Structure formats: C-alpha cells, structure tokens
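These are my notebook entries on one chain. I looked up helix packing, ring contacts and backbone geometry, in that order.

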Amino acid sequence: MSLRLSTVILPVDRWHEGGRAKWQRAEELGFHAAYTYDHLSWRTFRDGPWFGALPTLTAAATATDRLRLGTLVTSPNFRHPVTLAKELISLDDISGGRVTLGIGAGGNGFDATALGQEPWTPKERADRFGEFVPLLDRLLTEGAVSQKGDFYTAEEARNLPGCVQRPRLPFAVAATGPRGLKLAARYGQAWVTTGDPKLYETGTPEQSVEALRGQIERLGKACAEAGREVAGLDKILLHGFTPDRNRPLESVDAFVDFAGRHQELGYTEIVIHWPIPDSDFATDLTVFESISTEALAQLR
C-alpha cells in the first residue's frame, strides 16, 4: 500500500484569524487528512487559546470539500459515548462522510481532572476504554441502543439516520498495550501510535524503529486472535514523539528518509504537525509545504 501523508492542526487559532486558512491550505497541499487534538487544554498550550475539537472540525467540514477530517485522538476523559455518537453522526453528515474518529484511552493530563474527578489509574483507563469503544460502535451502527455498563449507560439512545459512511465512520484506535490492541483488532479500521514514549528523551532513532516494528508485530498477533488480517488495518504514525523529534521536518530529504524507514515497517500513514511558531512544532512553513507536495513522489 502506498504511503499517505496527513497533518494535525492544533486548535489554537481563532477561526477568522487564521484557523480557516490552515484547513483550506491543508486541502490545497493535497494532504490525505487533517486531524486535530481533542483536549480541553494541552501541555504548554494550556495558558493560551485552545478551541473545541468537534466544533472546529464542523467548521473545517464546511470550509473544505475533499480533505478527510478527524480527531487524534478522542478519549473517555471527558466524553460519554451517547453524546459523542450524536455529535459524530452530525459531523459525518455535514462533511459528506469525510470523518475518521481517532480514539484512545486517555492519559493523566489536564483533561483527566478538569471535571473534578481524581485521575484514573492505567487499569481504570483501560477498563473504561474497553467499555467505551464497543458501546460507541453500537451507537453508531444501530438505530436505538440500551445498555447498562459499569461505567457507561445508554437508555433507548436514538441515532437516526446513522452515519453517511456505512456501517459507521471509521475508528482509528490508538493503542500499544495488549487490551488496547485487542480493541484495535476488533473495532478499528486503523491503528495509531506515537512510538515508544520511554525512548523519547534518551533513545535513538534506531531503537525507535525497532520499538515500532515490535508494536506492529503485536498488532498482528491481536488481529490473528480476532480472526482478522492485520493488512486490513491502516497503520498511522503520529510524528513528533520519537527520538527523531522535529529533525525529519528540516528538509524534504530528511523526511523522505524518515518516512521510508517507517513505510518499510508497514506504516501506511504519517501525520505531521502544522507549524506553530515558538513551540515544539516550530517547523519552517516553506519546508513543511515542500514536504507535503514533494516527499511522497520520492517514496513510490
């Protein structure tokens, strides 16, 4: 499968002061998809502007025609499957069936405590995620759903007319642990990783490649256990969290080298951050645009 290139646009700009222009430019540059993070606030951006993911994607849907759109990623930290399903069906309709739901178990960032709860342990996050994904799958594929779970309940939740994409919009499941990989194998049309976080500070690019190879191998085993071919899942690498950091975005040649190594592992889509000045994503915009228009031709 040929490699696809996508971008993630952080929701830090007012829509009429640069926000709309970025999404439209992403379509002009030919990106496969443009995603945004689904957080209430995030890391070093906490004290600056940060807009909601689903309203931003709705606006992007009306400002573009071909670009796929999605979250990278939504989590149970502040979402409930019933309300999320209703919003996703609406977004899928408005976009004409161009939405992918990136979904993960969440973490210990600001989202974890913003609603007043104590942060969940890794086991609690995995338990909730294990209930969240199957219920959301039902809500997006069935006209009426009633289910009582340990964490999430739906009572005659109606979701007519359903998604434009059938049987529902695709899930891109972010996971590296065994329970999450089983969910990806069972419910995902794609799988998402950022690499091995333990290698970010002190690891090498070579160690990262081996870790990413191992993740795909474990995904393959989970798919085999689910009676599914791993080749049927797209494999998405969100760039920026491996020991390479932003170096692959310093030139077209550097990116082609990075992308080629990961394409050989079996990754089918690489997502790069839209440049943001004075941040960890302060890539040169001219180089970024050159990568978007020139790099893939060298990998075919």
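I looked up the handedness for α6 and α7 and found their crossing to be right-handed; a crossing is right-handed if the near helix is turned clockwise from the far one by less than a right angle, and left-handed if anticlockwise. The model is predicted, so local features need pLDDT of at least 70 and side-chain atom pairs count only at pLDDT 80 or more, while totals for chains, interfaces and linings use all residues. Residues are numbered from 1 along each chain as its sequence is written, and side-chain values use heavy atoms, with hydrogens and water left out.

Helix α6 covers residues 205–225 and helix α7 residues 252–265; their axes come within 10 Å and cross at roughly 30°. Helices (H or I, at least four residues) and strands (E, at least two) are DSSP runs, numbered from the N terminus. Axes are lines fitted to C-alpha atoms, for helices over the stretch in contact, and angles run from 0 to 180 degrees between N-to-C directions. On the α6 side I listed P205, V209, L212, R213 and I216, which meet R261, H262 and L265 of α7; contact means heavy atoms within 4.5 Å.

I then turned to α3 (residues 81–95) and α4 (residues 122–141), which pack at an angle of about 45° with axes 9 Å apart. These two helices are therefore oblique to each other, and their crossing is right-handed. The contact involves P81, V82, L84, A85, L88 and I89 from α3, and F132, L135, L136, L139 and L140 from α4.

**Aromatic pairs.** How many aromatic pairs does the rule give? I applied the rule that rings of Phe, Tyr and Trp (its six-membered ring) pair if their centres lie within 6.5 Å, with planes under 30 degrees apart stacked, over 60 edge-to-face and the rest tilted. The count is twelve. One of them joins Y37 and W42 edge-to-face, at 4.9 Å centre to centre and 75° between the planes. Y37 and W42 are both buried, where buried means under 20% relative accessible area, exposed over 50% and partly exposed in between (1.4 Å probe, protein chains only). Ring pairs also link Y37, W42, F45, W50 and F281 into a cluster.

I noted W274 and F288 as another edge-to-face pair, 5.0 Å centre to centre with 65° between the planes. W274 is in the loop between β10 (269–273) and α8 (285–294) and F288 is in helix α8, so the pair ties together parts 14 residues apart in sequence. W274 and F288 are buried.

**Charges over rings.** The charged end of R168 sits over the ring of F171, 3.6 Å from its centre. R245 lies over the face of Y200, at 4.1 Å from the ring centre.

**Backbone.** I found a cis peptide bond between L160 and P161, with omega about 10°, and another between R166 and P167, with omega about 0°. P161 lies in the loop between β6 (153–158) and β7 (171–174), and P167 lies in the loop between β6 and β7.

Is D278 buried or exposed? D278 is exposed, with a relative accessible area of 82%; its phi is positive, about 55°, although it is not a glycine.

Note on methods. Lys NZ or Arg CZ within 6 Å of the ring centre and 35° of its normal. Parallel < 35°, antiparallel > 145°, perpendicular 65-115°, else oblique.
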